[in-house]
Amino acid sequence: MSNAQTGKIGVTTENIFPIIKKFLYSDHEIFLRELISNAVDATQKLRTLASAGEFKGEIGDETIEVVLDSTTNTLTVRDHGLGMTREEVERYINQIALSGAEEFLAKFKDKDASIIGHFGLGFYSAFMVSDRVEIETKSWQEGIEPVHWSCEGEPTYTLEQGTRTERGTDIILHLSPDCKEFAEQNKIQDLLRKYCRFLPVPIACGFKTEWKDGKSVETTERNIINSEPPLWVKRPADLKEEDYLKFYRYLFPGQEDPLFHIHLNVDYPFNLTGILYFPKMKSNFDIQRNRIQLYCNQVFVTDSVEGVVPEFLTVLHGVIDSPDIPLNVSRSYLQSDANVRKISSHITKKVADRLEEIFKEDRKAYESKWEDLKLFVDYGSISNEKFWERAEKFALVRDVDGNFFTYEEYQKAVEEKQKNKDGKTVYLYTTDPEQQWGYIEEAKERGYSVLQMTGQLDAHVINFLEQKLTDVQFARVDADTLDRLIEKGEERKVALSEAEQNSLIGVMKGALGDRRSQFSVSLEDLGAEGLPAVVTQSEFMRRMRDMAQMSPQYNMFANFPEHINIVLNTAHPLVTKLSQTVMAALGTKLEDLAMREKPALDEEKAFEEKLGNRAPSDQTDEEKAEHKRIHEQLEVFTNERNELLNGYGATNALAQQLIDLALLSNNMLKGEALAKFVRRSAELLE
Ligand code: ADP
Ligand code: MG
């Protein structure tokens with residue numbers, strides 16, 4: 001052919017093709033998105049020319065076709081757009097596109113391979129999957145001959161007169177042997193659905209199928225990929241709730257309907273549209289991440305949006321579309337990008353706006369959705385300061401009777417009754433209303449409120465709120481006796497003498513037997529109407545253990561044994577009775593012991609007076625020896641007393657019964673101990 005021409009693509013890099021081919025092995029399916037985007041661009045440019053009056057012909061059928069031939073291993077992307085002249089091919093394909101690809105590769109060759117696939121390579125990404133690429137194109141301009149371009153993945157190309165008779169462009173890929181899968185109908189249809197289903201020009205691939213005589217056969221109707229319009233580009237005012245629901249079901253078939261949606265629509269200072277849906281979230285387990293799809297001008301880019309939206313928002317579902325998000329850079333760069341930061345805080349704000357709006361407009365409806373929202377709102381509050389500033393006003397807590405409060409409302413509701421002597425308001429809570437039922441009832445009888453903190457994040461929420469709310473302290477309702485949980489500075493004094501108290505504790509320790517090291521015993525006046533004995537578990541230790549289970553940095557607390565305290569209610573007649581029996585049985589022996597012990601005690605007192613408050617390092621060796629002797633002398637009596645009391649407790653049915661009752665009311669009596677309790681109870685009833 002006379003005007004055929006061969007040339008060398010005008011770049012310096014000889015080895016760009018091998019790089020293109022190799023790079024992004026896993027992600028090289030993006031070539032399809034690039035070629036379709038170009039076809040869409042070409043179609044839209046023709047529309048623009050037509051509306052400007054420059055192009056006066058018929059636009060006709062605009063459908064972009066993807067034609068596959070698995071016998072020749074070719075894939076053709078055919079459009080009816082504006083086409084290219086020979087000069088345009090030279091300029092746009094041979095020079096600009098290639099230098100664009102070259103620049104792109106030079107910049108991102110060394111970067112994380114999972115992200116460089118996001119845009120930028122353009123036309124030349126075709127070489128990731130092809131040994132040879134051809135272009136057959138005919139410009140919209142009248143009297144211009146068609147052009148054929150061909151390139152074998154080397155910097156040389158041929159350019160000659162083409163055969164295309166209609167306006168538009170065919171991009172023909174001769175697939176490499178290792179990329180034959182891209183000639184398969186199903187594969188390409190899937191990819192088109194993934195990347196191109198919201199593009200504004202119809203895209204056809206293959207034909208629709210129907211069931212005939214028990215098998216699926218092709219019809220003559222073209223299979224159009226993008227049948228559903230992208231709802232987010234429409235104006236919210238033109239859409240009904242039903243439209244949003246329908247769109248959600250289209251995006252996420254088989255998912256439970258969402259709670260509500262947010263339509264994002266910004267054009268200054270950046271461009272962003274999208275629809276985010278709140279899924280129902282009962283627990284961590286059913287949180288589906290990676291359900292926000294990121295688009296760039298309606299072309300799918302990715303469904304992992306970390307870096308673009310704050311972490312806590314990744315549990316939302318929906319679409320975000322922005323030409324302003326730099327897609328071909330690393331995630332760490334994304335996070336520092338000013339545009340991305342603005343987008344991120346805008347989305348956060350919009351989400352908060354929407355929640356606040358629902359909260360204000362229909363509190364009852366909001367409360368009824370709270371169980372599904374709680375995890376999200378709490379997680380957002382803890383992890384994102386800006387969100388917390390807003391959520392503070394619409395986050396709720398729920399008491400055990402099902403009443404909802406904002407933090408401010410709750411403080412008002414309980415501060416009068418639950419403020420302790422230090423001016424802190426104590427928020428009582430339960431992690432298990434059934435297990436802690438007795439404690440809850442008792443608290444309610446006193447007019448206290450108990451919060452339900454049974455959620456998965458609640459241990460964190462409690463720590464977080466203690467930092468954020470002023471003068472608020474949380475206490476699990478069974479962490480101690482109510483008098484101690486909310487100290488008013490007016491506790492009732494235990495009516496027993498010190499000797500009686502020590503004796504009681506000694507007897508109880510004896511009754512505990514082998515379990516002694518795990519338990520402590522204390523005495524308190526809980527009122528005559530209270531239970532004779534209750535079990536409490538230190539708030540601090542329990543929280544540490546809980547933390548250890550959640551985060552490894554607290555690991556050292558994980559192996560702390562569970563420590564349980566038994567509080568004997570000295571105002572209860574059974575405890576008084578126990579004390580009296582102990583004194584009746586052991587009184588004389590204890591008095592005798594005390595008499596024998598007295599000289600040793602006097603000696604200790606005199607010695608301590610002599611020492612004053614000198615530290616052991618300032619004592620002479622004689623003094624140290626003296627100290628040791630006195631100590632050992634006293635230890636003999638202590639041991640004797642303990643033996644006496646423990647021995648008595650070990651066989652005292654009432655003491656044992658009191659311990660078991662306390663454990664039982666906390667659902668902690670198990671196995672052999674439970675069996676013994678039952679037998680003993682039967683005996684006592686005889
Ligand atoms: P970009 O799309 O970012 O401009 P590409 O490498 O994808 O970069 O394409 C380079 C250029 O080649 C386009 O700008 C366009 O001018 C031209 N081009 C590519 N594909 C087509 C097509 N199907 N129809 C018309 N022109 C095209
Ligand atoms: Mg392009």
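Predicted model: local features only at pLDDT ≥ 70, side-chain atom pairs only at ≥ 80, totals over all residues.
**Exercise 1. Find the salt bridge between E356 and K360, and classify each of the two residues by accessibility.**

Solution. 
Step 1. The side chains of E356 and K360 form a salt bridge with an N to O distance of 2.7 Å.
Step 2. Helix α7 (residues 338-361) holds both residues; they are 4 residues apart, about one turn of the helix.
Step 3. E356 has 18% relative accessibility and therefore counts as buried.
Step 4. K360 has a relative accessible area of 60%. The cut-off for exposed is over 50%, so K360 is exposed.
Step 5. The pair also belongs to a network of salt bridges that links K349, D353, E356, K360 and R390.
Step 6. For the structure as a whole, the number of salt bridges is 45.

**Exercise 2. Say where D401 and K444 lie in the chain, and how accessible each one is.**

Solution. 
Step 1. A salt bridge joins the side chains of D401 and K444, at 2.9 Å from N to O.
Step 2. This pair connects distant parts of the chain, 43 residues apart. D401 is in the loop between β15 (396-398) and β16 (404-406), while K444 is in helix α11 (residues 437-445).
Step 3. D401 has 49% relative accessibility, so D401 counts as partly exposed.
Step 4. K444, at 30% relative accessibility, counts as partly exposed too.

**Exercise 3. Describe the surroundings of ligand 1: which residues are closest, and which helices supply part of the shell?**

Solution. 
Step 1. Ligand 1 is surrounded by 10 residues, of which N38, A42, D79, G122 and F123 are the closest.
Step 2. By class, this shell has 6 nonpolar, 3 polar and 1 charged residues.
Step 3. At least two shell residues come from each of α2 (30-51) and α3 (86-108). The largest share, 3 residues, is supplied by α3.
Step 4. Next come the polar side-chain atoms. One of N38 is 2.8 Å from an oxygen atom of ligand 1. One of D79 is 2.9 Å from a nitrogen atom of the ligand, and one of T169 is 3.5 Å from a nitrogen atom of the ligand.
Step 5. On its own, ligand 1 has 530 Å² of accessible area, and the protein covers 75% of this.

**Exercise 4. Identify the residues of the nonpolar surface patch and the helices that supply them.**

Solution. 
Step 1. L661, L664, L674 and V678 make a nonpolar surface patch of about 290 Å².
Step 2. Helices α18 (653-664) and α19 (671-685) each supply at least two residues of the patch.
Step 3. Take L674, which is placed in helix α19. Its relative accessible area is 31%, so L674 is partly exposed.
Step 4. A patch residue needs over 30% relative accessible area, and L674 has 31%.

Note on methods
Residues numbered from 1 in each chain as written. Chains lettered and ligands numbered in written order. Heavy atoms only, no water. Near = heavy atom within 4 Å. Polar contact = N/O pair within 3.5 Å; in protein donor to acceptor, adjacent residues only side chain to side chain. Areas by Shrake-Rupley, 256 points an atom, 1.4 Å probe, with all protein chains shown as cover. Nonpolar A, V, L, I, M, F, W, Y, C, P; charged D, E, K, R; others polar. Patch = residues over 30% accessible without salt bridge, like charges linked within 9 Å, V, L, I, M, F, W, Y side chains within 5 Å. Salt bridge = Lys/Arg side-chain N within 4 Å of Asp/Glu carboxyl O. Buried < 20%, exposed > 50% of the residue type's maximum accessible area, 1.4 Å probe, protein only.
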